[in-house]
Amino acid sequence: MNAADPRSALLDHLPAMRGFATSLTRDPVAADDVVQDAVIKAWTHFHQFQPGTNLRAWLFTILRNTFYSSQRKSGREVADVDGVHSSALAEKPAHDGRLQMTDFRTAFAQLPDEQREALLLVGASGFSYEEAAKMCGVAVGTVKSRTGRGRQRLAELMQLSDEDALEMTDDATLSVLTAAKAATF
């Protein structure tokens, strides 16, 4: 940068910009933020500055516009002192679902083969008891019994109660467990 470069004169205007920002915000800390935002905008848009024009007026215009833009934006913002609004926007971490999925797989592996088969057909795949019975070559009552016992045992192994929220990453697994809770409790 040479002496004719307006960027070299920017530092000379900072005290006046801070004073102007303080008069707008009535808060020295907020004024510093507005000045910082204005300087960043000015620096990134120096290619738009016309050499030979009034640099101070150009900087003050950017500062003023920055202040009023932030005022308009803050008018649309909602104060959330108690965290009521932000808690409604919060999202549970994805790892909770993966942990429950791991627990499910461990418990599911402990079931007898015929109970796992019945749960996969009826709970996860969505077949009716009659369709599952036909596929397995057993009576409908046998499939119902295997499914019920399998669901009950899964609930026991996973230590599920009525208050527990199920947050699985797999809809089929969730459907098996949801039916297990409904049948057990």
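1. Contact here means heavy atoms within 4.5 Å. By that criterion, L63 touches M17, F20, A21, L24, V34, V35 and A38, leaving out residues up to four places away in sequence. L63 sits in helix α3. L63 is buried, at a relative accessible area of 0% (buried means under 20% relative accessible area, exposed over 50%, partly exposed in between, with a 1.4 Å probe and protein chains only). From L63 to F20 the separation is 43 residues in sequence and 8.5 Å in space, C-alpha to C-alpha.

2. Basis of the values. This is a predicted model, in which local features need pLDDT of at least 70 and side-chain atom pairs count only at pLDDT 80 or more, while totals for chains, interfaces and linings use all residues. Residues are numbered from 1 along each chain as its sequence is written, and side-chain values use heavy atoms, with hydrogens and water left out.

3. Confidence. pLDDT is the predictor's confidence in each residue, from 0 to 100. The protein chain averages 80, and 78% of the residues score at least 70. Helix α2 (residues 28-44) has the highest confidence, at a mean of 94, and helix α9 (residues 171-184) the lowest, at 52. Over residues 180-185 pLDDT stays under 50; for that stretch the model has 14 contacts beyond four places in sequence.

4. Overall content. The protein chain has 9 helices and 0 strands, where helices (H or I, at least four residues) and strands (E, at least two) are DSSP runs numbered from the N terminus. Along the sequence the pattern reads α-α-α-α-α-α-α-α-α. Of the 185 residues, 29% count as buried. Among contacts with a separation of 6 or more, 59% join residues 24 or more positions apart.

5. Cores. A nonpolar core is a set of buried Ala, Val, Leu, Ile, Met, Phe, Trp, Tyr and Cys residues joined through side-chain atoms within 4.5 Å. The largest has 18 residues, of which M17, W58, L59 and L63 touch the most other members. Helices α1 (10-25), α2 and α3 (55-76) each supply at least two residues of this core. M17 touches V35, A38, V39, L59, F60 and L63, again not counting residues up to four places away in sequence. Another core, of 10 residues, lies apart from it, and includes F104, A107, F108 and L111.

6. T66 is placed in helix α3 and counts as buried at 5% relative accessibility. Leaving aside neighbours within four places in sequence, T66 is in contact with V34, D37, A38 and K41. H13 lies in helix α1 and is buried too, with a relative accessible area of 14%. On the same exclusion of residues up to four places away, H13 touches L55, R56 and L59.

7. A backbone point to check by eye. R26 is not a glycine, yet has a positive phi of about 60°. R26 belongs to the loop between α1 and α2. The relative accessible area of R26 is 77%, so the residue counts as exposed.

8. Packing of α6 on α8. Two packed helices are described by the angle between their axes and the distance between the axes. Axes are lines fitted to C-alpha atoms, for helices over the stretch in contact, and angles run from 0 to 180 degrees between N-to-C directions. Helix α6 (residues 113-124) packs with helix α8 (residues 140-157) at about 100°, the axes being 8 Å apart. The two are therefore roughly perpendicular (under 35 degrees counts as roughly parallel, over 145 as roughly antiparallel, 65 to 115 as roughly perpendicular and the rest as oblique). E114, Q115, E117, A118, L119, V122 and G123 of α6 make the contact with V143, R146, T147, R149, G150, R151, R153 and L154 of α8. By class this contact has 5 nonpolar, 4 polar and 6 charged residues. Ala, Val, Leu, Ile, Met, Phe, Trp, Tyr, Cys and Pro count as nonpolar, Asp, Glu, Lys and Arg as charged, and the others, Gly among them, as polar.

9. Packing of α7 on α8. Helix α7 (residues 129-136) and α8 pack at an angle of about 105°, with axes 8 Å apart. That makes α7 roughly perpendicular to α8. On the α7 side, Y129, E130, A132 and A133 meet V140, V143, K144, T147 and R151 of α8. The class counts for this contact are 5 nonpolar, 1 polar and 3 charged residues.
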